[in-house]
Amino acid sequence: MAEVNTKKEGRSYFPEHGPIAENGREVLLSLKNVDITFGKGENAVRAVQDASFDIYKGETFSLVGESGSGKTTIGRAVIRVNPLAGGEIDYKGVRISGKISHALDREVIRNIQMVFQDPAASLNERATVDYIVSEGLYNFKLFKNEADRVQKVENMINEVGLLPEHLTRYPHEFSGGQRQRIGIARAMVMKPELVVADEPISALDVSIRAQVLNLMKKFQQEDNVTYLFIAHDLSVVRFISDRIGVIYKGRIVEVAGAEELFDYPLHPYTHSLISAIPIPDPQLEKNKVQYIYDPSIHDYSEDKPEFVCIGHDHYIYGNKKEIEEYKAIREKGVPLKPVQIVEDGEKTASSQTEDFRDADAEFLKAPVHDTGSIWYTVLSFFLPVLGIIAALIFKRTRHYRNYRACKKGAVMGFITIAVILLIFLLLLWRVVA
């Protein structure tokens with residue numbers, strides 16, 4: 001982590017640039033041994049333990065982990081909502097945690113904005129969109145006159161894909177994706193340098209998520225905005241992040257570049273997170289070997305763990321023995337395969353093991369003639385035996401739509417034949433009786 005030499009106590013402003021790390025990049029935000037505790041005495045809960053990482057200017061740093069791991073707690077600490085029990089948070093080399101001057105506190109609010117997870121709960125239902133987006137401008141007098149304010153708000157609304165006539169409406173009149181766009185506009189109109197995005201797409205439909213992510217990426221490219229992106233969906237995080245930090249029960253266990261982390265998920269918990277990413281092919285998902293993280297595999301009774309860099313800008317948490325093992329694996333330079341696919345009936349990985357990215361790409365190349373045409377259903381209905389045979393052939397060749405169509409028609413055909421036979425037998429029994 002970068003050493004900060006420009007820190008000054010009692011400052012009321014931020015310098016133009018932050019400290020420079022060993023790799024030559026500017027450090028915008030730095031967490032150093034951060035502890036966050038809720039409650040007191042015996043009821044105290046240590047939500048975050050000894051968390052340390054840097055965020056470089058202009059990058060997207062993602063913080064991932066399961067629910068309750070402390071991701072949002074860290075994000076709220078950055079915007080000074082959650083107080084620290086230990087450690088410190090520096091912004092451009094200036095401490096912003098703990099007691100700071102009123103002027104510096106306003107600078108934090110001005111430079112660091114947050115986009116919340118729930119777009120409905122984060123917006124004032126009694127305020128118009130115009131007021132919601134303008135509130136920060138009012139508080140910091142960021143406009144020359146009323147015409148300038150209106151111009152800034154309208155420009156921002158247009159940039160997030162909404163229309164000027166939406167400004168007179170209230171949040172309940174919009175969809176979830178539109179409300180999240182309003183939340184992004186509220187943050188971006190302040191021209192922040194750092195945005196804490198707390199799972200901004202988890203409450204949205206899948207079809208809307210890509211639009212919101214592209215919108216955030218656009219602001220980053222145009223204004224050089226830096227993101228602390230909090231999420232639990234690694235499949236999304238991989239494609240939007242420059243670097244990723246993995247957190248487990250309040251402790252940062254691994255930090256690396258996005259591709260580095262997916263190629264070399266050295267910590268067992270990171271391994272388990274990646275292996276949990278669902279594969280869209282149902283057959284491959286069925287045969288996937290799920291890796292379950294067991295924290296009891298670590299023996300820290302004597303050899304205490306540390307958070308250290310093993311090269312390649314890859315940080316990991318472990319004791320000396322584990323660190324040596326991680327280094328040896330990384331230095332081999334052979335990408336790991338955290339997701340394994342086995343043949344039906346096998347219990348352990350075999351030569352059939354595949355990397356999940358290759359499996360995913362293979363699934364996307366769906367057969368051209370897998371249309372699931374209704375004619376398959378009709379023909380299978382009148383010829384159910386042939387329909388079952390065709391269904392089995394389609395299933396083996398992964399024509400899943402055709403398989404379901406044939407199966408449906410054959411089942412309906414067999415049921416119809418059974419009903420006709422039953423009626424015939426009842427009529428025959430009456431005649432004989």
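Begin by selecting helices H5 and H6, which are roughly parallel to each other, a term for angles under 35 degrees, whereas over 145 counts as roughly antiparallel, 65 to 115 as roughly perpendicular and the rest as oblique. The axes of H5 (residues 176–188) and H6 (residues 206–223) come within 10 Å and cross at roughly 15°; such axes are lines fitted to C-alpha atoms, for helices over the stretch in contact, with angles running from 0 to 180 degrees between N-to-C directions. Helices (H or I, at least four residues) and strands (E, at least two) are DSSP runs, numbered from the N terminus.

H5 passes H6 in a right-handed crossing, right-handed being the case where the near helix is turned clockwise from the far one by less than a right angle, and left-handed where it is turned anticlockwise. To display the contact (heavy atoms within 4.5 Å), show Gly177, Gln180, Arg181, Ile184 and Met188 of H5 together with Ile208, Gln211, Val212, Leu215, Met216 and Phe219 of H6. These residues divide into seven nonpolar, three polar and one charged, where Ala, Val, Leu, Ile, Met, Phe, Trp, Tyr, Cys and Pro count as nonpolar, Asp, Glu, Lys and Arg as charged, and the others, Gly among them, as polar.

Before going further, note that this is a predicted model, in which local features need pLDDT of at least 70 and side-chain atom pairs count only at pLDDT 80 or more, while totals for chains, interfaces and linings use all residues. Residues are numbered from 1 along each chain as its sequence is written, and side-chain values use heavy atoms, with hydrogens and water left out.

Now zoom out to the protein chain, which has 15 helices and 14 strands and whose C-alpha trace spans about 105 × 65 × 45 Å along its principal axes. Of its 433 residues, 46% are buried, meaning under 20% relative accessible area, with exposed over 50% and partly exposed in between (1.4 Å probe, protein chains only).

Next select helix H14 (residues 384–396) and H15, whose axes come within 8 Å and cross at roughly 155°, so that H14 and H15 are roughly antiparallel to each other. Here H14 passes H15 in a left-handed crossing. On the H14 side, colour Pro384, Val385, Gly387, Ile388, Ala390, Ala391, Phe394 and Lys395, which meet Asn402, Tyr403, Cys406, Lys407, Ala410, Gly413, Phe414 and Ile417 in H15. By class, this contact has eleven nonpolar, three polar and two charged residues.

Stay on H15 (residues 400–432) and pick Arg401, which lies in that helix and is partly exposed, with a relative accessible area of 44%. Leaving aside neighbours within four places in sequence, Arg401 is in contact with Asp370, Thr371 and Gly372.

Then move to helix H1 (residues 71–78), where six of the eight residues are buried, so H1 is largely enclosed by the rest of the structure. Its buried residues are Lys71, Thr73, Ile74, Gly75, Ala77 and Val78. Just after H1, Arg80 takes a positive phi of about 70°.

Finish at Leu84, in the loop between H1 and strand S4 (86–91). Leu84 counts as partly exposed at 24% relative accessibility, and, neighbours within four places in sequence aside, Leu84 is in contact with Val34, Asp35, Ile36, Ala77, Ile89 and Ser97.
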